[in-house]
Amino acid sequence: MFKRKLMVLISVILVLSMLLALTACSGKKAIGDGDKSSGSTDSSPKGDTSKNDSLKGSPMLPIVKDKLTLRILSPTRADIQLGNDMPVFQELEKRTNIHLEWEILPITNPDEKFNLIMASGDIPDIIGYSNTDLVLKYGMEGNLIPLQDLIKNYAPNIKKALDNPLQGEKLPYKMNVWGEITALDGNVYSIPCLTSSNAIGAVYGIREDWLKKLGLNIPETIDELYNVLKAFKERDPNSNGEQDEIPFIAGQGGKTNTILPIINAFGAHMDLYVDPATDTIKYGPIEESYKEGLAFLNKLYTEGLLEQDYLTATRDQWLSKAGGNKAGFMFVWPGSGFAASNAALQKLNPEFNFTPILPMKSKDGKRYKDSATAGRYVLYRTSISKSNKYPVETIKYLDYLFTEEATILVSYGIEGLHYNMVNGKPVYTDLITKNPEGIDPETARIKDGMFWQALPYQIGWDSHFQAMEKTAPWTIKAWELYRESGIVEAPMPTLMLSEEDHSTRIQISTEIKTYKEPMVDKFIMGVESLNKFDEYVNQIKKSGLDDLLKILNDAYSKYKQAGKN
């Protein structure tokens with residue numbers, strides 16, 4: 001009898017154990033082994049969400065066994081029809097088994113529409129938007145979920161990229177990526193794009209053919225630049241018999257901001273910057289070196305070597321002059337600035353061209369362009385909304401985008417269609433470099449879904465170099481010059497401030513800017529003597545500069561600690 005009862009009891013226990021196991025397999029599991037700080041749970045009927053498997057490396061493909069549709073909100077371009085008809089997005093869906101249902105923001109006033117969507121309660125699963133202020137606002141209000149635990153537990157490729165961005169690529173500076181994306185509340189609400197070519201910003205260009213005609217070398221120092229500009233004004237390099245040349249023109253209609261960078265040659269800074277000697281934030285426009293830079297610009301303006309109407313010049317006026325064989329030296333973007341001006345010039349004469357050159361050397365031999373003109377290789381890009389029922393599947397999908405395989409897809413497209421492997425390296429086909437529709441390589445790539453919008457990626461130099469090798473060699477030359485370490489200072493850190501500190505910063509910055517900007521132009525034009533520079537400095541300090549610097553340096557101390565825990 002006892003043995004029979006024992007056998008029955010064992011049988012019951014076994015049945016109960018099996019039932020419990022089945023229940024556990026079909027149930028819900030909190031992210032991070034019960035850690036609810038991520039603000040979401042793992043509802044996993046679509047596929048395997050094993051944390052341990054994910055952390056072994058690349059996510060298993062497909063991401064889900066049964067097709068999963070996720071709504072995605074995205075900006076767009078006027079010249080591109082964004083959506084699932086793009087071959088690269090079709091390939092991405094085939095690999096991951098995740099279908100994107102696109103909701104497109106308008107080109108005009110996208111922020112207004114974005115705000116309406118976020119307030120509606122009907123929020124798409126994935127938010128692909130790069131407005132840092134809005135992303136942080138809606139993240140801290142609870143409309144976007146924190147991502148740091150999801151990244152830690154399910155996204156090793158994203159974590160690797162954030163810890164060491166663009167590994168192996170040549171970059172002019174380093175950034176604390178975790179500091180850039182960590183909000184004031186300590187959470188991460190956006191997975192960024194990391195792109196090397198965006199690190200540079202605007203660069204200097206000079207008329208190479210004018211130099212050759214006048215027997216001059218590329219200027220290296222501020223004194224050499226002055227002599228070159230003087231020769232451009234006096235020696236008729238455009239050969240029309242008139243003294244109509246503009247030696248130094250405000251680039252792309254950029255007004256003061258595209259002539260002021262020349263002060264870097266005096267060791268000056270245009271605005272706030274991080275002093276490497278003290279690792280603290282300082283304000284360049286009150287320093288003596290800034291005064292020296294303004295004195296040089298005043299000299300150029302007084303002698304007619306600087307565009308006299310730089311304050312009112314428009315982009316169209318710039319292009320008319322730069323592309324009309326009248327301008328000699330400028331500060332413009334490597335792509336759009338050189339592309340537009342050189343295209344116009346070479347219609348006049350194939351020998352005419354602007355070529356990129358390095359910043360002028362300062363007295364101590366250093367040359368750089370400062371934080372105010374640096375590009376940013378870290379750009380806010382992709383968030384997961386509170387409406388998303390599949391946050392783990394979504395983060396695994398986003399993690400796949402940072403694998404080597406997906407990086408090739410976003411950079412080069414589909415093998416056999418957009419590129420072929422040559423000696424172990426992807427090389428674009430004629431579809432990209434000699435597109436049958438006659439479109440440029442940049443547009444050809446974006447048209448088929450490369451450099452996907454709304455989703456994050458990490459892209460190095462090679463694909464850009466390949467695409468522009470024949471169509472824009474001056475852009476490649478600019479990147480090659482300026483990507484060398486130390487030539488471009490890192491941009492100002494993205495500092496997270498409390499509402500009170502942010503309000504104080506806006507108030508003080510606005511008061512300083514309202515006074516400073518017209519005074520700078522008055523100094524350059526000689527309306528005000530630089531003998532009044534000390535008065536100018538005192539007025540800026542009275543506006544609350546010391547309080548502003550304290551707020552920023554306190555935030556900078558926290559910024560440097562982000563990602564270390």
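Accessible areas here come from the Shrake-Rupley method with a 1.4 Å probe, and for residues only the protein chains shown count as cover. On that basis, the protein chain has about 26,000 Å² of accessible surface, with 51% of it belonging to carbon and sulfur atoms.

Quick housekeeping, then. This is a predicted model, where local features need pLDDT of at least 70 and side-chain atom pairs count only at pLDDT 80 or more, while totals for chains, interfaces and linings use all residues. Numbering runs from 1 along each chain as its sequence is written, and side-chain values use heavy atoms, leaving out hydrogens and water.

Okay, the overall picture. We've got 23 helices and 16 strands, taken as DSSP runs numbered from the N terminus: H or I of at least four residues for helices, E of at least two for strands. Of the 565 residues in the protein chain, 52% are buried, meaning under 20% relative accessible area; exposed is over 50%, partly exposed in between. For contacts, think heavy atoms within 4.5 Å. Among those between residues at least 6 apart in sequence, 74% join residues at least 24 apart.

Now, inside: helix α20, residues 473-482. Its buried residues are Trp474, Thr475, Ile476, Ala478, Trp479 and Tyr482. What do the buried residues of α20 pack against? That would be β7 (203-207), α14 (336-348), β12 (354-357) and α19 (462-468).

Last stop, helix α12, where Glu288 sits. Glu288 is partly exposed, because its relative accessible area is 47%.

That's me done, thanks.

Note on methods. Buried < 20%, exposed > 50% of the residue type's maximum accessible area, 1.4 Å probe, protein only.
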